[in-house]
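Here is a friendly briefing to read alongside the model. Keep the viewer open and follow each topic in turn.

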Amino acid sequence: MFKDFANLWTIVGLAQDLKRDAPLAMRVAGERIVFFRDAAGKACALLDQCPHRGVALSLGRVENGVIECPFHGWRFDGAGRNCHVPWNPDAKRDNLSAVALPCRESAGLLWLYTGFDPKEEPEPTQTLMASHRLALCAQSVIWKAHWTRVMENMLDSPHLPFVHRNTIGRDLSKHLGAGRLEMTFEATANGGHIRASVDGSPRDGNLDYRFPNVMELFIDPPGKKFRLMVACIPEDDRTTRLWLLTMRSFARAPLFDFAFRWMNRRIAREDQAIVESSLPAEVPPPAEEVSVRTDAPTLAFRKIYHERLLGSFVSRPRRREDAAS
Ligand code: FES
Ligand SMILES: [Fe+2]
């Protein structure tokens, strides 16, 4: 399970999209996951596959914090425990559980752990939001690309004057031709700081990579806070869901969200077709593509991917044999 994306916390969506009494289905790294809220309102996640006949639990209903399979009506709580097996009052329900996964809500975001035994809590990206009363504006888009290509695109500055020549790359394009771009990647405990300078002058807009799949761009205007975060969530090996999250300390009224949404969507569309055309779909080992000095940040990500994620997986919990009664 969770091939090449195992044993890590990932943002999967917005907490507000997980309503009471309604399942929320997602795909993460090839696995179907269903989220719902338990009786206390806490977010829960199960593999979206009934242990009885493999049906998607997300097609069923949630009532009083318990999800009911749409096929034969078995019910499961947020920990995956079987609470009811119709027609079988003598069923050994302890042996008929669904598979639960750790999940969390943090500052408006929903997180999933792609494994069963998290050693740490989710990376506290959102301490900033909580401490500065930032307005969050979020949207998601789907690209038909392997998530590693999408992630590299987010960490890549030399493409800005080409792909985004009329938007966020306009300024950098003035230096094209004569300028020498320097890109550095300074590794940190949970990712890295990426810095750019042209002809020795540092560029505005610092960029951070956060393991495994988030970039955060710092575009703070004087005296204000403005951040763009993009989380690249693999749905499967050819599909990535991007969550585009802007956080701002100004123009906080929801009325202004449309402007940020419009801009994010426009920029994402500029990248999409380019990234989707990459071959091979998944980033190859560094030696299999040619690179130059300014590829340092993407090569750093590629190294992390190959060393920490590629080949990772978790085993599905074994089922007991004595379930039938
Ligand atoms: S398939 Fe879920 S209860 Fe039978
Ligand atoms: Fe881009």
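Let's begin at a bridge: Val28 has Glu31 of β3 as its bridge partner. Strands here, like helices, are DSSP runs numbered from the N terminus, with at least two residues (E) for a strand and at least four (H or I) for a helix. This is a predicted model, in which local features need pLDDT of at least 70 and side-chain atom pairs count only at pLDDT 80 or more, while totals for chains, interfaces and linings use all residues. Residues are numbered from 1 along each chain as its sequence is written, and chains are lettered from A and ligands numbered from 1 in the order in which they are written.

**The hairpin and its sheet**

- Ala25 also has its bridge partner in β3, namely Val34.
- Five bridges hold β2 and β3 (residues 31-37) together in the antiparallel sense; two strands pair if DSSP finds at least two bridges between them.
- Two residues lie between β2 and β3 in this hairpin, and Ala29 in the turn has a positive phi of about 50°.

**A sheet of three strands**

- Another open sheet has three strands in the order β1-β11-β10, paired antiparallel.
- Its edges are β1 and β10 (103-106); each has a single partner strand, so one side of each lacks a neighbour in the sheet.
- On average, neighbouring strands of this sheet are turned by 30° against each other, direction ignored (axes are lines fitted to C-alpha atoms, for helices over the stretch in contact, and angles run from 0 to 180 degrees between N-to-C directions).
- β10 and β11 run antiparallel and are joined by four bridges, and Cys103 has Leu112 in β11 as its bridge partner.

- Domain 1 gives 10 residues to the contact and domain 2 gives 11, where two residues are in contact if their C-beta atoms, placed from the backbone, lie within 7 Å.
- On the side of domain 1 that touches domain 2, β1 (9-14) and β2 (24-28) are the elements giving two or more residues.
- β1 provides the largest share of that side, five residues.
- By class, that side of domain 1 has five nonpolar, four polar and one charged residues (Ala, Val, Leu, Ile, Met, Phe, Trp, Tyr, Cys and Pro count as nonpolar, Asp, Glu, Lys and Arg as charged, and the others, Gly among them, as polar).

**Buried and exposed places**

- A residue is buried if 20 or more other C-beta atoms lie within 10 Å of its own, exposed if 12 or fewer, and partly exposed in between, with C-beta atoms placed from the backbone.
- Helix α2 (residues 147-154) is mostly covered, with eight of its eight residues buried; Trp147 and Arg149 are among them.
- The cover over the buried residues of α2 includes β12 (135-143), β17 (214-218), β18 (226-236), β19 (239-248), α5 (257-276) and α6 (296-309).
- Val141 sits in strand β12 and counts as partly exposed because it has 14 C-beta neighbours inside 10 Å.
- Leaving aside neighbours within four places in sequence, Val141 is in contact with Leu242 and Ala268.
- Val141 and Thr240 are 99 residues apart in sequence, yet 8.4 Å apart in space, C-alpha to C-alpha.
- Lys119 lies in the loop between β11 (109-113) and α1 (127-132), and is exposed, with 7 other C-beta atoms within 10 Å.
- The C-alpha atoms of Lys119 and Asn7 are 9.1 Å apart, although 112 residues separate the two along the chain.

**The whole chain**

- The chain has six helices and 19 strands, and buried residues make up 36% of its 325 residues.
- Along its principal axes, the C-alpha trace spans about 80 × 50 × 35 Å.
- Among contacts between residues at least 6 apart in sequence, 56% join residues at least 24 apart.
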